[in-house]
Amino acid sequence: MAEVFIYDVQLGADGDVSQRTWENEFGDGYVQSGGIGINTKSQVWNLTHTGSQEEGDELPLVWAFLDRHEGYKSFLWTPPGGIQGRYKCNGYKPRPLGNGLFTLTFAFKQVYTP
């Protein structure tokens with residue numbers, strides 16, 4: 001069973017929804033197009049979590065969650081205003097803010113698995 005990402009992310013997350021399509025244009029202006037595969041829509045969400053490394057704070061839990069999934073293991077997550085799906089996170093950017101505070105920036109990419 002896939003693990004669920006249950007941690008808070010900062011407001012202002014932005015998503016990018018893309019459609020996988022193909023298109024052929026003919027000399028007379030006629031265009032043929034269609035979807036590629038059975039899951040033509042996918043999402044990427046750019047997320048941020050800020051906190052301290054102190055015990056009891058969520059930041060160490062988020063950091064450990066991302067490390068545990070190693071960039072290739074999928075997990076369940078519900079995007080803002082969306083429905084739960086499978087996502088992967090291939091890396092993150094920690095930014096020290098001083099005084100034990102960090103901002104962790106990462107992207108969740110939607111994946112489909114059988």
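Visitor: Leaving aside neighbours within four places in sequence, which residues is His69 in contact with?
Guide: In this predicted model, His69 is in contact with Glu3, Ser74 and Phe75 once those neighbours are set aside.

Visitor: Which side chain does the His69 side chain make a polar contact with?
Guide: That partner is the side chain of Glu3, at 3.3 Å.

Visitor: Where does His69 lie, and is His69 buried or exposed?
Guide: His69 belongs to helix 1, which covers residues 59-69. His69 counts as buried because its relative accessibility is 7%, and the cut-off for buried is under 20%.

Visitor: What separates the C-alpha atoms of His69 and Phe106?
Guide: A distance of 13 Å separates them, and the two residues are 37 places apart along the chain.

Visitor: On to the largest nonpolar core: how many residues does it have?
Guide: The largest nonpolar core has 17 residues, and those with the most contacts inside it are Phe5, Leu66, Phe75, Trp77, Phe106 and Phe108. Two or more residues come from each of strand 4 (41-52), helix 1, strand 5 (75-77) and strand 8 (101-111).

Visitor: Which element gives the largest share of this core?
Guide: Helix 1 does, with 5 residues.

Visitor: What is Leu66 in contact with, sequence neighbours within four places aside?
Guide: Leu66 is in contact with Cys89, Tyr92, Leu104, Phe106 and Phe108.

Visitor: Now His49: which strand is it in, and what backbone oxygen does its side chain reach?
Guide: His49 is part of strand 4, and its side chain reaches the backbone oxygen of Asp8 at 2.6 Å. His49 is buried, with a relative accessible area of 7%.

Definitions and conventions
Residues numbered from 1 in each chain as written. Predicted model: local features only at pLDDT ≥ 70, side-chain atom pairs only at ≥ 80, totals over all residues. Heavy atoms only, no water. Helix = DSSP H or I, 4+ residues; strand = E, 2+ residues; numbered from the N terminus. Buried < 20%, exposed > 50% of the residue type's maximum accessible area, 1.4 Å probe, protein only. Contact = heavy atoms within 4.5 Å. Polar contact = N/O pair within 3.5 Å; in protein donor to acceptor, adjacent residues only side chain to side chain. Core = buried A, V, L, I, M, F, W, Y, C linked by side-chain atoms within 4.5 Å.
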